[in-house]
Structures are given as structure tokens and as C-alpha cells.
Amino acid sequence: MNLKAAYFAMRLCLILLFLLPFGRATLPLVINTWEFQHAADAAWRALQAGGSVMDAVEKGCSRCEAEQCDGSVGFGGHPDERGETTLDAMIMNGNTMEVGAVGDLRRIKNAISVARAVMEHTEHTLLVGESASQFAENMGFTAEDLTTNNSISVFTQWLKDNCQPNNRKNVSPDPSKYCGPYKPGPTLKHRRRREIDIHAHDTIGMVVIGRDGQIAAGTSTNGANYKVPGRVGDSPIAGAGSYVESAAGGAAATGNGDVMMRFLPSYLAVELMRIGTEPSTACETAISRIKRHNPGFFGAIICANSTGHYGAACNKIPGFTRFPFVVYNSQTNTPLLQSVDCF
Ligand code: SD4
């Protein structure tokens with residue numbers, strides 16, 4: 001081999017070495033949305049300690065709930081119109097296709113564990129609102145105030161701003177009381193539509209695949225700022241927030257749930273992987289489907305197939321051009337932060 005050929009061979013090796021951890025299929029695998037590395041670490045440790053993939057998803061998402069990841073997961077974030085933080089979460093078992101979920105959960109911090117309790121201790125799939133909280137209390141979860149100084153100050157500022165922006169449309173409050181009560185009617189000029197703060201809108205969605213190929217997925221979030229009380233987003237809806245079947249793969253979504261849940265992006269991505277579509281392409285197709293009708297929506301999705309290949313995709317909008325996610329497998333050997341260009 002001459003010098004030039006040796007040089008190129010060396011460069012090729014270096015490039016391959018660099019690329020090795022990315023997209024390489026190996027099991028087990030933990031993958032989750034956003035920069036939540038501690039969550040991936042907690043999930044990985046659960047697996048290493050002999051826990052199931054369900055344990056890993058629960059531990060990973062619980063970690064984010066306790067750390068209030070980005071203010072978007074767990075207590076003290078995104079107050080609703082009454083100033084209350086409410087939580088949505090789900091967990092899904094890709095072997096049995098069982099799902100447990102909670103929506104509009106109040107006063108209980110560990111939403112993903114309540115979701116698992118719904119799955120394991122009821123015949124139901126989704127419990128919501130006060131009744132979900134009562135169920136949780138009966139199952140031994142501690143009821144506590146989810147309000148923090150931060151959520152109080154966000155809410156107080158919003159009241160000072162005449163409750164703008166908000167999530168109402170085609171309503172006319174008494175002009176002297178912009179905060180309502182709202183009645184159906186023409187939208188007043190002063191109304192500002194809720195703009196999603198893409199820097200504080202980061203649900204955890206996680207997919208875990210065990211060494212034996214079993215897959216589980218889960219989500220946890222405190223939803224949307226200033227939501228209308230009773231609002232439940234995409235995160236606790238199977239097929240929207242996440243979806244999994246061990247024979248095909250798993251996916252989890254994040255972003256504007258009010259729009260995304262109409263398209264069941266996680267279900268679509270898993271179905272595409274079932275017929276052999278590469279995870280990145282499955283993710284892109286799920287995003288494209290939403291984009292076709294809502295070009296400016298804020299959202300992203302992670303996908304992994306049953307062999308441990310993975311990918312992600314996001315919709316490119318001003319201020320959101322790359323989507324970070326975390327991967328932990330034996331190749332990365334650490335909760336490695338990766339990202340994908342939005343399109
Ligand atoms: C929701 N999808 O409730 C959640 C919020 C989110 O990144 O994912 N933010 O709409």
C-alpha cells in the first residue's frame with residue numbers, strides 16, 4: 001500500500017470509528033426525547049439491576065418528574081388557567097399491548113407510576129382528573145401541592161397580562177375582564193394566541209428495548225401553559241404520545257399535543273417499522289403527515305425498531321431547527337446526547 005492509500009485507509013477508519021455509536025443496532029437500548037440524560041441513565045441502571053423494560057421506562061420518566069425536566073415534566077410547571085399544574089403520563093408494554101395512562105392528574109407528583117398502577121391494578125387504560133387523583137391516593141400515592149414559587153410567578157404574570165396569550169378561540173369575554181368568563185362570540189382584537197414556548201415545552205418520551213427484544217415505552221408531561229382546565233394532551237394517548245409492539249418497534253412524540261394527537265404519529269411510525277421502514281424514515285413520515293395539514297406545528301418524534309436501530313425527526317420552524325435526544329446502549333456506553341436536523 002502506498003502512502004496515499006494508507007492515509008485514506010486511516011481516515012476511513014477514523015470516520016467509521018466516529019460514526020460507530022450513531023444509529024448502530026445493539027440491545028438493550030434506551031432512547032428518550034430531549035437532553036434528558038439523567039432519565040436515560042436511570043432507565044439503563046434499572047435494566048442493569050435486573051429490572052424489566054417496564055421498570056426502566058418507569059424509573060427513567062420518574063427521574064424527569066422528580067427533576068422537573070425543563071419545567072415541562074412533573075410538578076411546578078405550565079400552570080393552567082386556574083394556576084394549577086396537572087400531569088399527563090402513559091406507559092405501554094410491547095409484549096402484552098397493555099397500556100396504563102393518566103390525564104389531568106392533580107396533586108400527585110409521580111404520574112408515570114400512577115399510569116403503571118392503572119395498568120396493573122385496573123381493567124382500564126386511562127383515568128383522568130380528580131378521579132385519577134383519588135385512585136392514586138387509594139393506591140398509596142402521596143397527595144401534595146404541585147404548585148411552586150415558579151408556577152405561582154408564571155401564573156401571576158399571566159393574570160397581569162390580562163390572561164394573554166391563552167388557548168381560547170372564537171370567544172368574547174367581557175372587555176373589562178379579559179380573563180373570562182368566556183362566551184362564544186367573535187374573537188376580540190386584543191386576543192393573543194398561545195404561542196408554544198419551544199424552549200420550555202419538553203415532554204419526556206422514552207422507548208426501552210431489552211436484551212430479549214421486549215419493548216416498552218412511556219411519556220410524562222405537565223402539558224401546555226395556561227391550558228383550559230380539563231385539557232388532556234397527546235402524551236397519555238396510546239398511539240399519539242407513544243406506542244410500542246415488541247415485534248415491530250416503539251416510538252414517542254413531543255410537541256404541540258393538541259395538534260399531534262389528531263394524527264397518532266407514534267402508531268404510524270411503529271406500523272411503518274413493522275413493514276420494514278427504517279426508523280429515521282418512519283419518524284420523518286409521521287412528522288410529514290402532520291406537517292401536510294399543519295406546516296408550522298412544533299413537534300418531534302423518536303423511533304426504534306426491534307433490532308435496536310433508531311432514529312428521530314422534527315418539524316423545522318423558526319427557533320427549532322435541531323431536535324436533541326439521548327441514546328444509551330452498549331455502543332454509546334453512556335447516555336449520549338445526539339440530535340437530528342429538522343426538515
Ligand atoms: C402536550 N405534547 O401536552 C405535550 C407537551 C410536549 O414538548 O410534548 N412538549 O401537548
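**Close-up views of a predicted model**

Thr 203 sits in the loop that links helix H6 (149–160) to strand S5 (204–209). Helices (H or I, at least four residues) and strands (E, at least two) are DSSP runs, numbered from the N terminus. Residues are numbered from 1 along each chain as its sequence is written, and side-chain values use heavy atoms, with hydrogens and water left out.

**View A. The annotated residue Thr 203.** An unreviewed UniProt entry gives Thr 203 the annotation "active site"; such annotations may be inferred rather than shown by experiment. Thr 203 counts as buried because its relative accessibility is 6% (buried is under 20% relative accessible area, exposed over 50%, partly exposed in between; 1.4 Å probe, protein chains only). Its contacts (heavy atoms within 4.5 Å), leaving aside residues up to four places away in sequence, include Thr 33, Trp 34, Ser 72 and Ser 235.

**View B. Two cis peptide bonds.** Leu 27 joins Pro 28 through a cis bond with omega near 0°, and Pro 28 lies in the loop between helix H1 (3–19) and strand S1 (29–33). The bond from Gly 180 to Pro 181 is also cis, with omega near 5°; Pro 181 belongs to the loop between H6 and S5.

**View C. Positive phi at His 78 and Asn 333.** His 78, not a glycine, has a phi of about 40° and is buried at 8% relative accessibility. Asn 333 has phi near 60° and is exposed, at 57%.

Notes:
This is a predicted model: local features need pLDDT of at least 70, side-chain atom pairs count only at pLDDT 80 or more; totals for chains, interfaces and linings use all residues.
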